[in-house]
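Hi,

Here is the structure I promised to pass on to you. Have a look at it in your viewer first, and then read my notes alongside it.

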Amino acid sequence: MEITPFLILSAGLISIGLYGIMSKKNLLKLLISLDIMDVGVNLLIVTVGYLPGGTAPIMDGDYGKYVDPLPQALVLTAIVIGVSVLALGMILTIRHYRRTGSLEMDEGGVFGW
Amino acid sequence: MVVHPTLLIVLPLVGAFSVSLIRRYGGGAIKLYGSAYLFLNLIISAVLFMEVRSGGEVTERIAGYSPPVGIFLAVGAVNAVLVLLINLFAAFNYLTFNPKDKEPFHRFTVLYLLGVASSSGIVLTGDLFNMFVFFEIAAVSSYALVASSKDERSVGSAIKYMILGSVGSTFMLISIALIYSELRTLNLYDIAHRIGEMGGAVRTAAFTFLIVGIGVEAEIFPFNGWVPGVYGRSDGNISSFLVLGPSKAAIYAILRVLITLFYGSSSRAVMMDIAMVLGLITLVVGEVAALSEKDPKRMLAFSSIGQMGLILIAISLGSAAGIVAAVFLMVSHASVKSALFLSSDVYRQGGMRYTLTGALSVGAVLGLVGMPPFAGFWGKWYLLSGAADEGLWIVIAAVIFTTAVEAYYLARFLSRGLSMKKRGGVKPTRVITMTVMVGVSLLVGLFASVIYEMVSAGVTTLLSGGI
Amino acid sequence: MAEEIKEKWSKIARWASKRSLWMVHFCTGCGAIEMPPVMTSRFDMERFGMGSMATPRQADILLITGYLSIKTLKRVVRVYEQMQAPKYVVAFGSCTINGGMYWDSYNTIKDLSKYIPVDLYIAGCMPRPEAIIDAFNKLMEMIDRGEARGWEKYEKYYEKYKRNQEAAFNYKLEEVEEVEEERKGGEK
Amino acid sequence: MVDFSSILALLVEGVLLAALGVLTGILFMGIARKVVARVHNRVGPPVYQSYIDIIKLLTKKTNISHGWIFDLALLFSISGILLTLLFLPIGGIKLLSIHGDLFLVLYLLAIPALGFALGAGASGNPNAGIGVMRALVMMFSYELPFIIAVLAVMIYYDTTSIATIVASQSHMRWAILVPPLLIGALVADMALQGMLMEKPFDIPIAPHEIASGPMVEFGGKYLGTLMLYKATSIVVETTLFVDLFLGGAVVLDPATYGAVAYAVNLVVWFLLILAVFIISVLINTVFPRFRIEQALKFYWSYDTALAILALMWIYFLYI
Amino acid sequence: MIWEAISLMVLLALLAYATGRLSRYSGIFAVLAGFVPLAMLFDWAPTAGLKHLISLGFEKSTAVNIKIATLHFSITPLSWLFLTMVGGIFPFIALYAISYFKKAPGGFFGSMTLALVGATGVVLASDLLTFFIFWEVMSWSAFLLVVRGRDRSAITSYFSFSALSAYLILFGIMVLRSEAETLSFSSLSSSITSSRLTLLAFISMAAGFGVKGALMPLHIWAPRAYSRSEEPFVAYLAGGLSKLGYYGIFLLFYSFVGVSVITRFGTFRGVPYLGYSLAIFGALSAFIGTVLAFMEDDLRKLLAYSSIGQLGYIAIGIGIGTPLALSGALFQAVNHTFFKAVLFLAAGSVYYRTGRWKISELGGVAYRMPFTFLAALFSIFALAAIPITSGFAAKWLLYVSTVDKRFVFLTPIMLIAGVGAFLYSFRILYGVFLGEPRYPDIKEAPALQLIPMWILVMPLVIFLIFPGKLMDVFGEIFAYYGLEGVSHTDFAITTSLSSYNTLAVIFALMGGLMVAFIIYVSRPHRVVSHYDNYLSGEIPEVHEGLSLHAATRYYKPVEDLFQPYFAHGAERFYHHIEVGLEGVGDGLRRLFKTTVSNMIYLVLAGLLLIGWWLTW
């Protein structure tokens, strides 16, 4: 299995996320875009650790060619972090919504700075 | 090894996770509990500092795995200074929080302790991914701390901060992935020595993404859009924490990246140039923007940007003088800018009319501009002499220009503060903290040799790709 | 010996004083118009060493050229007192002698010599320049003889003059008393 | 060691010259009045009239003072002007002029003026205050062209010492015969008009506006002293002009002709300063009075332009 | 010993600060600290007689290792002279301040003593780092004192200008350091080359020192700081600290860069262009400062502008740089130290008694405070260079030196500025001290204020009579820097153009005074009230509110004429700079006051640029 499609996919995901952040004004959409970016990066990490034709790194007995286990561990951490950031973002969004009654992010007003 | 550097990270984490246990004893008890951890941390970092001072670098492996496989903590001269600085100021800064303002206080304490732990972690760690994790923890706690400010609009700023920070951390992660894909290691020093093996394009991308990713936290223009908003709307003591903790850690991370990580890279000179240009732009943009800013907190925020640019310039000189200058500037900035942020809270209440607060603010301003015998003077002296040695007169010109601008707006800040009407008191804890901060700046300036000797001894290994 | 020197000295002083009379004009009335011809080329007062001065501190003669109301009298008295002795008053025209055409006015001074000592009156309404020149020549002779001692009289009867002035300032003209002439001092 | 006989000679010379200067000055005031009278087609007072005036003032019976600062005017005006006189070469007699120079004389001239101004200020009279203001502004006005003109002389002879300037003009090589310095002399003469406070520059004393300005409270011995000061200052200022531009009135060299030369030179000096003074009096007779800002404008524009012309001419073509 | 003395002074500063709350006499520590430089002066006195009398053991030069750097101190004739200026007046000003402040001025005395420490360090320093450190100590302790005045414009302008000055000097130091590879004064000028960078360093250092010396385009902090700070400090700032700027410029010419290098940038009639331009700036300061001074109503601002004008003369002298001109400059510096200190102290005493600063609101103070008046009068004589004080010798040397070099531009400007000095001098004399007695009930200044004032007046008398004594000191300085001296005796100075003998002036004046005195006592006089005045017969006693004081807009006719030409002054220039920078700053701020999306655009732009640069 070639890794190039996955690299392209992850680049695509990151680009989509960036595009979302750059073009959307709705806070929820922004958070979603962030998450998409996160997913893209996670995919990138896993892809990087992948060896074409390797197996899962479970070392019992006759293991031959296995993929690098470290990226997978990293991805786990990254996912956790991503989720927590997302959760915090949701909380902040809710607080913001409660205060202003809006999810739009626009120039001036509260978002002036 | 008398103390384990790990304790500096572990202790606040323990504190953070155990603080909810005592939440029913009220805010005072929680504050006591939190302070106990922080001051313990302070003592440990002081011991660590002494140890590094006497015996050179200290390293510690986590969980017994030896590098490059395992994570390890590496304490050299520079980060020993920095970790002491962070813990010292963080401990005193914690005293300024009033439990009644920050209900529920135990949650606040959790965030604060996490922030301290992760800032120390960034400074101490010798592992790239570990650094990233600490960055994320620091960032998350910062977002939450900012959002806990009195000014409700701070939530909006926190959201901005969060989005920019997340993008930055994504970039960092991309860079980590790229480096890992080539070198199969995450140990900083291992990478440093094998960076030449990386392909040119990948290395370029890795550097770019990494510098941008850290740059967001380290307030480097143009990645620092969040700074004025966050500092402008947060409480002064939260801003001061951000200044002394995460942002110092982040600029130190840049030092690691520039000096250590890409040590062996063939295009390191260009990277240094880029960093210098970034620093120059940041310096000028920050200071000039601060000149036209009328809101005191936001003005200090812009001023912070400028100072960060100055530190970045010092780092990017890449010489011993530059590193020494950077350390002094970090000490100076962490101490006096935090003190100024503390005073900015009572600014509009005429707090500066109180003799001691006023005197401390004046002292902080003097320190920030770089008057001897404050620490900032040695920072600027070594920065300028380092720049002069390399014939970078444009840097010197920029520094002179921005210093004049800085002096102007800081004096305006002072003179306004000194002519405000008295409308409320200044809490003694705040005065004590400010005294400690300004005092440290003064003492470091007076006994500059302590830090100078230590850093200049350690800087040789640092510059040759060591710790 | 000392007496002689003193006498000689005062003679010199009198001579100098006579030959150098500086005036301050108090030009309240119509008489002032007669002064320019006296000063300019036709009559040329300056050939006697006379000249007009701007302030009483510098002047020897107070020249009052016409009627004085009570309001202006205050100023005259102040100006007179600010002059430095030896000082002389020359009153000019009928108004200063008996009120002239304002003889029945309620606030015009009728007889100036009741308020300040007048050394010389020049009669006429108005006196012509010839008369004025003549008067000044008379005054010079008086000074030379030591007869123009109005300022000493003023010092001597100061209280009386003051009383008269006060009365005038309070519009009680009828209470004004005569101030005795004392010729003896002048004759010695 | 100290040469007592020379000091004694200097002392006698000084006293005599000071007396000569004062008496000449008083005479000049009389002459001025006579000249003005003749221009007015009047007879005018006798030329010795000013002596009488001064005697009269000094013999006044009462003298009014406004306190000890007021008295400073008396003390400083006459002493300062005598001091200045002694630092000028008069008809080739150097006196103290070898111990000072032009700058010293310019500043010594300020002593009596400042003393006088102090007294005037201490009188408490607003007219005096205004008068002194005008006098100082006048000084500020005429000094600029005067200094530039004098500078032309100084750099032409490459000295600042008046005695040396006079010596350099010996054998009738008067400064006024050098074309640019002729312009300089013209400028200095205009400045002299202001220095002597003759019309159109008698703004400070303007008797009809501000009651003779600074002198408003002075009478008796104070005014007498001021007249002495005024008289001496006429001599000082005209002598300064003569020394700078008219060869210091030295026509015969004392080294060859001895005492005769001194006498002749003194006579020539008298005639020359009289001529300079009469010119100024004649201008005085036919002019009304400027306002103070007009004087400032006049001196700082036309006069200064001429002075700069003279200076540049000297600077670029003669040295 | 020097280091110990400096430490002692710092200790005394702390003591003065700490005891400030306890007693107003905490200033005694400052006075004590002031005696330390006096002891040094005494010990190093260049005249042989004093030196061997007693030795306090101050070494001629010393090096102090503070680990991060080594601080070098040494005494040269020049630093001795400047130490007399910055150190000699200090104890007396501190003594004055004890009486001036009514309550707890600990901060004042502490900061003053620190300023003294800084100033002493600056004049004793013999390497650039030491020089700069103490320069800054002096600068910011003065700033602390400006802050005590709590005036916004004073604080901002003082601080931004002194920071600018500090970093301009630092720039110069950096250049010299990288060119000469030494910081020591003695070996600097021998290894400097005349590169374009040196020129830049020279200019920037001259500008930096010029700020402290209130040279014309860099002066605008001075009137503000002088007019809004406490008077004893202002006396010290104007009298003492401002000289340090010229000390720096002097060193710049003769020690840092060296005349031989400066001459290589071209000369004009033997005077280097750089020096000549400095002289022109000095002349402009002298003239414009003077004109601004006599148009000013605020007493302190007037004195401030006057300082600017008088300090300009020093710049002229140093710029021309002939021994004659240098003597003039140093003489002027010494004179200015004393007379300006006395004037500010006298102004402080007037304020102490009347509570007014505006000249138009004062008047007639002299009748009640005669000793203050006399002290002020004497220093005004010195200021206006009336030849009955030492003030004249300085100006005379300068005038003669310009004529000597045939600088036809400088001489008239200096002279007309000298005449202008009469104008503002009289504005002070008349507006404050003479005229209508508006304050009939005030008392004479306290003895503790009068004594310091009169002590500070003394040098003006001494150097009137013995200008040669001061010229001896200058001679040593010239010998130290390898210049020729000016020929002089104790009483007379002789130049190639002319000579000036103080004895002749003094004796002739005595004679004149004798004549005057005879006239004065020959006739009796009577003293009358100040209200017994000729006012066209008006009687001020009976007219309420009739003001006899003609001091409001005293020089109105000149003001009206000059105002249009001064409307576009330096103040406006700096204002334009400020506004321009604020405009730029506003534009930059807009980059931050925007949505997250736009910020991300910025981030991406940065990312791409960095990447592009790296690959390219």
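Predicted model: local features only at pLDDT ≥ 70, side-chain atom pairs only at ≥ 80, totals over all residues.

**How the chains meet**

Chain A, by contrast, has no contact with chain D, and their closest C-alpha atoms lie 58 Å apart. Chains A and C do not touch either, with 75 Å between their nearest C-alpha atoms.

**The D and E interface**

Here 66 residues of chain D are in contact with 64 residues of chain E. On the chain D side, the elements that give two or more residues include strand S1 (64-65), helix H3 (68-86), helix H6 (126-157) and helix H13 (292-318). Which helix gives the largest share of that side? H6(D) does, with 16 residues. By type, the chain D side divides into 40 nonpolar, 20 polar and 6 charged residues.

The two chains are also joined by strand pairing: S1(D) runs parallel to strand S7 (residues 526-527) of chain E, with 2 bridges between them. In this pairing D:Ser65 stands opposite E:Val527.

Strands S1 (residues 61-65) and S2 (residues 70-74) of chain E are antiparallel and pair over 5 bridges. E:Thr62 has E:Phe73 as its bridge partner.

Chain C holds an open sheet of 5 strands, paired in parallel in the order S2-S1-S3-S4-S5. S2 (51-52) and S5 (120-122) are at the edges with a single partner strand each, so one side of each has no neighbour in the sheet. Helix H5 (residues 129-145) of chain C packs on this sheet, where it touches S4 (88-92) and S5, and its direction makes about 170° with that of S5(C). Further in, S1 (residues 22-26) and S3 (residues 61-64) of chain C are joined by 4 bridges, and C:His25 stands opposite C:Leu63.

**A helix pair in chain B**

The axes of H3 (residues 77-95) and H14 (residues 320-345) of chain B come within 11 Å and cross at roughly 0°. The two helices are therefore roughly parallel to each other. Their contact is made up of 10 nonpolar, 3 polar and no charged residues. Among them, B:Leu85 and B:Phe89 belong to H3(B), while B:Val327 and B:Met330 belong to H14(B).

Best wishes

Methods. Residues numbered from 1 in each chain as written. Chains lettered and ligands numbered in written order. Contact = placed C-beta atoms within 7 Å. Axes fitted to C-alpha atoms, helices over the stretch in contact; angles between N-to-C directions. Parallel < 35°, antiparallel > 145°, perpendicular 65-115°, else oblique. Nonpolar A, V, L, I, M, F, W, Y, C, P; charged D, E, K, R; others polar. Pairing = 2+ DSSP bridges.
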